[in-house]
Amino acid sequence: MSLNRSIVATDDTGEEHVSPVIYIGAAIVLAFIGFFGFTMNLLVAVVIVKDAQTLWTPVNVILVNLVVGDFLVAALGNPVAMVSAITGGWYWGYKVCLWYAWFMSTLGFASIGNLTVMAVERWLLVARPMKTLSIRKTLLLGSFVWVYALCLSVPPFLGWGSYGPEAGNVSCSVSWEVHDPATRSDSYIGFLFAFGLVIPVSVISISYASILLTLRKVRKRAGSRGRLEAKITKMVALMIAAFLLAWSPYAALAIAAQYFDAKPSASVAVLPALLAKSSICYNPIIYAGLNSQFPRSLKKIFEIRKSRTTAPESQNTALTVLNKQEGRN
């Protein structure tokens, strides 16, 4: 029996039938999220890599790690869910549901892992400047983020927890509402909440509490470098806040379904899932809007041919020096 047919059979037993309008709306939202997530994350990654001499700093190394994951969600994950929304239910079969759920879960856990590392990097830079992360250490931490994400997402394939359809059968994820003694789903979900949410958010909160205390003590510190550090720290804080706001309704619904036996209608459950998926669009917008180096690098990359043919190299000397000084942050 296909996954889609099993859901239809469940509807016949009395569960709410999702309106075609909900599916159409979900498909449109997923199309917008996919398009903007794809283009914006790709643009940020390309600009940072192309202008690595200026932008290849520890915080940007982790940012590239983050936007690559978000780009994969937009390029590979969103189209799968969008087709299912267009067809009015999961289109791809049971095995694809399992792999899709694992893939998207891994990228979601990697996102919060990367944001946690960014918060720690900011804390070290502001509060412990003698112990700041090098590029090499940051690359190692970026690799560790993926190991961390896999440790959280692989257990259902080993019999601990399970994956299945969610949100009106548009996509698949961890089976938050399942209470199955055979797979010990309750302990697995508790494990996810502890290591995939509570601990990262606690580390982020402690890091930023320390950052705020430190900045309050050195508020009078002058110089462009101090202002630049504070601005990038605020940028990372905004990225973290946007991610948590996007995922909080989904997390709250998952907690309510597992531990309080909440059973929201399929139409309502679609909304937190779509909001969570929209998180891939926020980080590149925040970065492009708040990082003064980004528009300079973007202009330099896309006008490089023109500058070689029409502008003397000396015109860019001062800007290059300034970018290098700011890029060492």
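# Notebook: a look through a predicted model

**Entry 1, the whole chain.** I started with burial: 45% of the 329 residues in the protein chain are buried, where buried means under 20% relative accessible area, exposed means over 50%, and partly exposed is in between (1.4 Å probe, protein chains only). Residues are numbered from 1 along each chain as its sequence is written, and side-chain values use heavy atoms, with hydrogens and water left out.

Next I looked up the secondary structure, and the protein chain has 13 helices and 2 strands. Helices (H or I, at least four residues) and strands (E, at least two) are DSSP runs, numbered from the N terminus. I also checked contacts, meaning heavy atoms within 4.5 Å. Of those in the protein chain between residues at least 6 apart in sequence, 81% join residues at least 24 apart. The protein chain exposes about 16900 Å², and carbon and sulfur atoms supply 68% of that; the areas come from the Shrake-Rupley method with a 1.4 Å probe, and for residues only the protein chains shown count as cover.

How many disulfides does a search of the whole structure find? I got 1, taking a disulfide as a pair of cysteine sulfur atoms within 2.5 Å.

Cysteine 151 is partly exposed at 48% relative accessibility, whereas cysteine 281 is buried at 12%.

The largest nonpolar core has 73 residues, and Leu63, Met118, Trp176, Leu192, Met239 and Tyr287 touch the most other members. Helix 5 gives the largest share of this core, 14 residues. I followed leucine 192 and found that it touches Phe109, Leu152, Val174, Trp176 and Leu197, leaving out residues up to four places away in sequence.

Tyr287 turned up again when I checked helix 10 (residues 282-290), where Asn283, Pro284, Ile286 and Tyr287 are buried. Seen down the axis of helix 10, the buried residues fall within an arc of 165 degrees, so they line one face of the helix. The arc is that of the directions from the helix axis to the C-beta atoms.

I counted 2 salt bridges, each a side-chain nitrogen of Lys or Arg within 4 Å of a carboxyl oxygen of Asp or Glu. Lysine 300 pairs with aspartate 51, and their closest N and O atoms are 3.0 Å apart. This pair also links distant parts of the chain, 249 residues apart: lysine 300 is in helix 11 (residues 293-302), and aspartate 51 is in the loop between helix 2 (20-50) and helix 3 (52-55). Lysine 300 is partly exposed at 36%, while aspartate 51 is buried at 5%. In another salt bridge, the side chains of glutamate 121 and arginine 122 meet at 2.8 Å, N to O. Glutamate 121 and arginine 122 are both buried.

Most residues other than glycine have a negative phi. Asparagine 169 is in the loop between strand 1 (163-166) and strand 2, and is buried at 3% relative accessibility. Arginine 184 has a positive phi too, near 50 degrees. Arginine 184 lies in the loop between strand 2 and helix 7 (185-217) and is partly exposed at 49%.

Histidine 179 is in the loop between strand 2 and helix 7. Which residues does histidine 179 contact, leaving aside neighbours within four places in sequence? I found Ser185, Ala257 and Gln258.

Note on methods. This is a predicted model: local features need pLDDT of at least 70, side-chain atom pairs count only at pLDDT 80 or more; totals for chains, interfaces and linings use all residues. A nonpolar core is a set of buried Ala, Val, Leu, Ile, Met, Phe, Trp, Tyr and Cys residues joined through side-chain atoms within 4.5 Å.
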